[in-house]
Amino acid sequence: MGVDSAASSSSNSWSHNDEDDNSSKNNSSIVVLNVYDLTPINNYMYWFGFGIFHSGIEVYGKEYGFGAHDFPASGVFEVEPKNCPGFIYRCSINLGQIQTSPSEFRTFIENMASEYHGDTYHLISKNCNHFTDDVSYRLIGKQIPGWVNRLAKLGALCSCLLPESLQVTSVKQLPEYHECSEDEFVDSLSTATPHGSPEIDAEQEKHLLSPSARAED
């Protein structure tokens, strides 16, 4: 009887430990920086610590990036990891791990989306790499590697040396927009064609995040 009781107690203890482990795994995620090339020239510039890169933050199986459009609404979008349309995937960098639930993270990233409007995008002072750096620092207290956004930092110091077109032009990175509550905004975006954006498949659309998206679901 005593042996059965002890075995039962031991079994319950393992069961609780398994549940705790599963709960911990469900409420944690690796934070990954996915880096893309904007130009083939990066293959040469990379070895000198320079390059023109796009980056996205991957958390809980989705990648989040920031791009430009002409409207005062979120420019933060989500795509499948390592498959951001219009860019050439280069590498992934493990930044750390967070201990938060998927729903808490979703609230966090949607709140950040309200701080990064598409019409505030600037190639030198507020680009996609500034966004991923900000997300990383807020989540784990760690910045992204300096080489990812080094060219923009140099441009901020020496903007007079940059071509005028590079200083004023925002990169149009959002061919499609979704989950927007304003009918006029959706209608306007659905008819807009970003300059220089390649055609993409339906499966590769970039889905725009909106702070009000969860409330509407």
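**The sheet and its surroundings**

Tutor: Start with β1 and β5, which pair in the antiparallel sense over nine bridges. Two strands count as paired if DSSP finds at least two bridges between them. Strands are DSSP runs (E, at least two residues), helices are runs too (H or I, at least four), and both are numbered from the N terminus. In this pair, D37 stands opposite I88 in β5.

A word on the basis. This is a predicted model, in which local features need pLDDT of at least 70 and side-chain atom pairs count only at pLDDT 80 or more, while totals for chains, interfaces and linings use all residues. Residues are numbered from 1 along each chain as its sequence is written, and side-chain values use heavy atoms, with hydrogens and water left out.

Now move to the other side of β1. Six bridges join β1 to β2, again antiparallel. Here V32 stands opposite E58 in β2. β1 is mostly covered, with eight of its nine residues buried. Buried means under 20% relative accessible area, exposed means over 50%, and partly exposed lies in between (1.4 Å probe, protein chains only).

Next, two loops. Y60 is found in the loop between β2 and β3. Y60 has a positive phi of about 50 degrees although it is not a glycine. Its relative accessible area is 25%, so Y60 is partly exposed. K82 lies in the loop between β4 and β5. The phi of K82 is also positive, about 65 degrees, and K82 is not a glycine either. At 40% relative accessibility, K82 counts as partly exposed.

What sits in the core? In soluble globular proteins, nonpolar side chains tend to be buried together. A nonpolar core here is a set of buried Ala, Val, Leu, Ile, Met, Phe, Trp, Tyr and Cys residues joined through side-chain atoms within 4.5 Å. The largest core has 28 residues, and L33, V35, I109 and F131 touch the most other members. The elements giving two or more residues to this core are β1, β2, β3, β5, α3 and α4. Helix α3 gives the largest share, five residues. Apart from this core lies another, of five residues, among them Y36, F77, C84 and F87.

Look at I109 again. Not counting residues up to four places away in sequence, I109 touches Y64, F131, V135 and L209. Contact means heavy atoms within 4.5 Å. E110 lies in helix α3. With a relative accessibility of 4%, E110 counts as buried. E110 and L209 are 99 residues apart in sequence, yet 6.4 Å apart in space, C-alpha to C-alpha.

Of the 217 residues, 39% count as buried. Among contacts between residues at least 6 apart in sequence, 73% join residues at least 24 apart.

How confident is the model? The mean pLDDT (the predictor's confidence in each residue, from 0 to 100) is 74, and 58% of the residues reach 70 or more. Over residues 165-204 the pLDDT stays under 50, and the model has 68 contacts for this stretch beyond four places in sequence. Residues 213-217 also have pLDDT below 50, with seven contacts in the model beyond near neighbours in sequence.
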